[in-house]
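Look through the sequence and the structure first.

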Amino acid sequence: MARRGSRAATSRFTGETQIYPRRIATSAVWFCFCLLFPPAVEAGLYSSSDQVILLTAENVESVLVNSTAAIVAEFYASWCGHCVAFSPVYKSLARDIKEWKPAVDLAAIDCAAEENLKVCAGFSITGYPTIKFFHAYSKAGSKGQAFKGFPRDVRGLRHKIIDRLEAHEDPWPPACPPLEPASQAEIDSFFETNNVQHLALIFEEAKSYIGREVTLDLLQFENVAVRRVLSTEEGLVIKLGVTEFPSCYLYYPGGNFTRLKVNIEARSFYSYALQRLPGVVRSGKPPPVHIDVHTNSTEEPWRPFNWSRVYMADLESTLHYFLRVELAAHTVIRGEALVSLKKYISVLTKYFPGRPMVMNLLKSLNSWLQNQSGDEISYEAFREILDNSAQSPDTALPEGVRWVGCQGSQPYLRRYPCGVWTLFHVLTVQAKTVGGTDPQEVLRAMRNYVHSFFGCRPCAEHFENMARESMMEVNTMSSAILWLWSRHNRVNNRVAGALSEDPNFPKIQWPSPEMCPACHTVKENGEHRWNNEQVLQFLLSYFSSERILTDYLEDESQVLAKQREKHARQEAQKHLERKAREALVTHPLPSQPAAQEEEEEEEEEEEEGAQDEAVADEVVKGGEGAAADAKPDMEVGGGRRQARGRLSIVGMRMREQQEDIVDLDSFVNQHYKAKALRLAASSRVKQRTLQRKEEQEPGPVFGLGMELDTGLGMVGLQPIDADFELDAAQQRKRLQKRELTGQYFIEEAELRRRGRWMSVLSIGFSKVDISLCVILYFLSSMCLLAMYLFFKNRLRLRRVKVSLP
């Protein structure tokens with residue numbers, strides 16, 4: 001046993017075989033690195049990605065006490081070199097017995113953490129690593145059963161756990177099936193008490209663990225049961241004609257049976273074949289349904305595809321979703337994320353086996369990104385290059401997704417995650433095929449992309465944990481391909497049975513024995529082993545660019561035509577928006593009441609302008625009489641302009657214009673007046689614009705339409721709504737206002753008649769000019785008065801001097 005324990009421990013999921021001394025050396029170096037640079041995302045030697053329950057002082061009692069499953073717990077110290085060397089074995093064990101979880105689960109606690117010291121002391125832990133077995137329904141205060149001298153390989157630990165389960169005291173774990181050998185009497189009456197579709201009988205020697213291991217492997221599956229039959233059960237052996245041990249037979253009601261066909265008579269082959277039997281489904285999962293149409297928000301036809309091929313439609317859909325959807329969540333890309341984006345686009349440009357138009361677009365994106373010298377870019381600027389706004393010829397990436405090989409039975413299953421993994425595998429294979437020189441170039445680009453942009457953050461954390469654990473060991477292009485493949489299988493193992501698993505596409509260790517029989521083999525002890533050389537050849541062939549199918553792709557001419565149409569629509573939209581902005585700057589939009597009033601005023605301006613021009617022409621032609629007739633119109637127009645400069649209340653309408661009464665003697669210089677009328681008619685629009693700027697905000701109910709009554713100079717107020725009637729009090733107030741207004745304008749007309757000659761003298765001068773003249777006259781008068789007084793006093797003094805003797 002000691003010799004076997006010092007040999008290798010091979011995980012059937014990683015596809016890598018390592019010698020134990022070499023692993024100790026590697027682990028020791030990695031341990032020293034961890035001491036110098038401890039990872040921030042996990043404490044101790046295990047994380048949530050390892051399918052191991054992390055025990056703490058807070059949860060240790062709830063996990064170990066009164067649990068429905070048996071618990072295997074490791075007590076370790078993170079500074080212990082042997083614990084570090086053993087941690088990969090314990091992680092592999094967790095992946096290996098993942099299907100046993102309803103009956104037995106794995107846990108671990110770091111006793112080097114100060115907060116866990118009391119917990120470890122309570123379980124009498126004095127050395128590391130220590131493994132203890134806790135029965136189901138363990139009571140408080142139970143210290144568990146220690147594995148003394150436990151093996152350091154997955155197979156030995158697995159057998160140790162089975163031995164503990166078989167020696168389990170009552171109560172038995174409710175999810176654990178019977179592990180003892182079955183008799184012929186039990187098999188004959190099995191279907192009377194069990195409602196399953198398949199009964200698998202594994203014939204083996206007494207020392208073999210295959211039957212019990214397969215029984216636990218099928219623990220989470222329905223419609224199938226597994227029983228172990230020893231070679232000494234002669235009745236069944238003779239009845240079924242068993243000649244090889246181990247071997248597996250399917251037994252049905254009525255005594256019918258058939259042998260299960262597998263490539264190799266071993267545990268992993270039995271488990272895989274039994275899980276794929278018709279009607280066998282994982283507990284809690286619906287049975288696979290072969291459908292022609294699955295419904296999303298719209299009906300999307302199912303696209304038949306070849307399971308053994310890669311489709312370019314999946315790769316282009318993955319690029320579209322990353323560049324146009326996932327990356328769009330980052331409005332500004334800066335710092336480490338920008339570096340990650342540059343490296344990822346660079347790798348895509350070098351190794352993506354795309355169509356010419358897609359490769360041209362990737363080259364354009366890469367060139368633009370490499371020329372960005374700043375520390376950040378905006379996604380809007382990136383999107384312009386992505387959408388080929390420069391209209392470079394034969395450059396485009398199809399918009400939308402067309403999943404084929406990555407289709408899911410539901411809209412939320414597979415699709416983009418499947419496309420990402422497929423793209424990663426294609427890039428690693430292409431890097432080797434085209435002669436790449438840096439084994440980690442593609443892996444680093446993928447790692448940084450997942451860390452910076454992948455939307456599923458727990459998924460990104462798990463991927464980072466795997467990369468931190470072993471990516472540094474990749475030193476050849478072939479090892480890069482195998483590393484990504486083994487990590488993909490590790491993820492498949494972890495998420496198998498999760499809600500994200502598609503029942504039509506269950507998570508398996510890929511490639512399956514049907515796809516690549518040569519990839520699977522066993523060691524001398526019957527443990528499964530991957531043939532890495534055969535796996536590498538399979539991957540190089542499966543993800544080769546020559547084997548990628550172009551079915552369901554949109555034609556390049558159609559993609560380019562759609563791109564041109566999209567750009568034309570965008571340009572038209574930009575043109576309209578630019579015109580709208582210019583219009584707003586040049587002519588700002590008025591408020592709605594102001595706009596209505598403005599339209600009414602423009603109509604009046606046109607009518608008044610035409611009337612003024614006609615009057616002016618008559619004045620020029622008809623002499624003094626025509627000029628006299630024109631004056632009242634000018635005065636009325638001036639009155640209107642003056643009225644419009646005042647407050648207006650919405651809802652009022654101007655009175656009908658009445659006949660004007662004019663004084664023919666009020667005009668002088670008829671030719672001058674005719675010219676003034678023409679000037680007023682030409683500049684009326686400018687005056688209206690200036691007056692609008694001085695207007696107050698409109699009122700909520702009434703509009704004040706102010707128009708001088710041409711005979712009496714009265715203000716007319718009429719409501720717009722004909723059905724609206726004023727009450728008696730309002731009518732009296734209205735009559736009083738009219739009387740007062742009439743008196744006011746009569747007095748004003750009297751003053752105008754008295755000041756007729758003053759208005760004649762002020763023709764051509766503004767009020768400011770007249771005011772300045774008056775001030776100058778006043779100052780001149782004061783100066784003359786001062787000079788007069790000065791000289792008068794001076795003459796008086798001289799007369800006094802002359803009169804002296």
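## Confidence of the model

Over which residues does pLDDT stay under 50, with 14 contacts beyond four places in sequence? The stretch is residues 292-298. Here pLDDT is the predictor's confidence in each residue, from 0 to 100, and contact means heavy atoms within 4.5 Å. Residues 684-726 also have pLDDT below 50, and this stretch has 103 contacts in the model beyond near neighbours in sequence. For the protein, the mean pLDDT is 79, and 70% of residues reach 70 or more.

This is a predicted model, in which local features need pLDDT of at least 70 and side-chain atom pairs count only at pLDDT 80 or more, while totals for chains, interfaces and linings use all residues. Residues are numbered from 1 along each chain as its sequence is written, and side-chain values use heavy atoms, with hydrogens and water left out.

## Overall make-up

The protein has 28 helices and 19 strands. These are DSSP runs numbered from the N terminus: helices are H or I with at least four residues, strands E with at least two. Of the 805 residues, 44% are buried, meaning under 20% relative accessible area with a 1.4 Å probe, counting protein chains only. Among contacts between residues at least 6 apart in sequence, 75% join residues at least 24 apart.

## An open sheet

Four strands form an open sheet with mixed pairing, in the order β8-β6-β9-β10. Two strands pair if DSSP finds at least two bridges between them. The edge strands, β8 (224-230) and β10 (257-259), each pair on one side only. Strand β9 (residues 247-251) runs antiparallel to β10 and is joined to it by three bridges. Tyr251 stands opposite Phe257 in β10.

Helix α9 (residues 210-217) packs on the sheet, touching β6 (198-204) and β8, and its direction makes about 155° with that of β6. Angles run from 0 to 180 degrees between N-to-C directions, with axes fitted to C-alpha atoms, for helices over the stretch in contact. Helix α11 (residues 267-275) touches β6, β8 and β9, and its direction makes about 20° with that of β9.

## Nonpolar cores

A nonpolar core is a set of buried Ala, Val, Leu, Ile, Met, Phe, Trp, Tyr and Cys residues joined through side-chain atoms within 4.5 Å. The largest has 87 residues, and those with the most contacts inside it are Leu341, Phe352, Phe382 and Tyr449. Helix α16 (residues 416-433) gives the most to this core, with 10 residues. Another core, apart from this one, has 35 residues, including Ala70 and Phe147.

Definitions and conventions:
Buried < 20%, exposed > 50% of the residue type's maximum accessible area, 1.4 Å probe, protein only.
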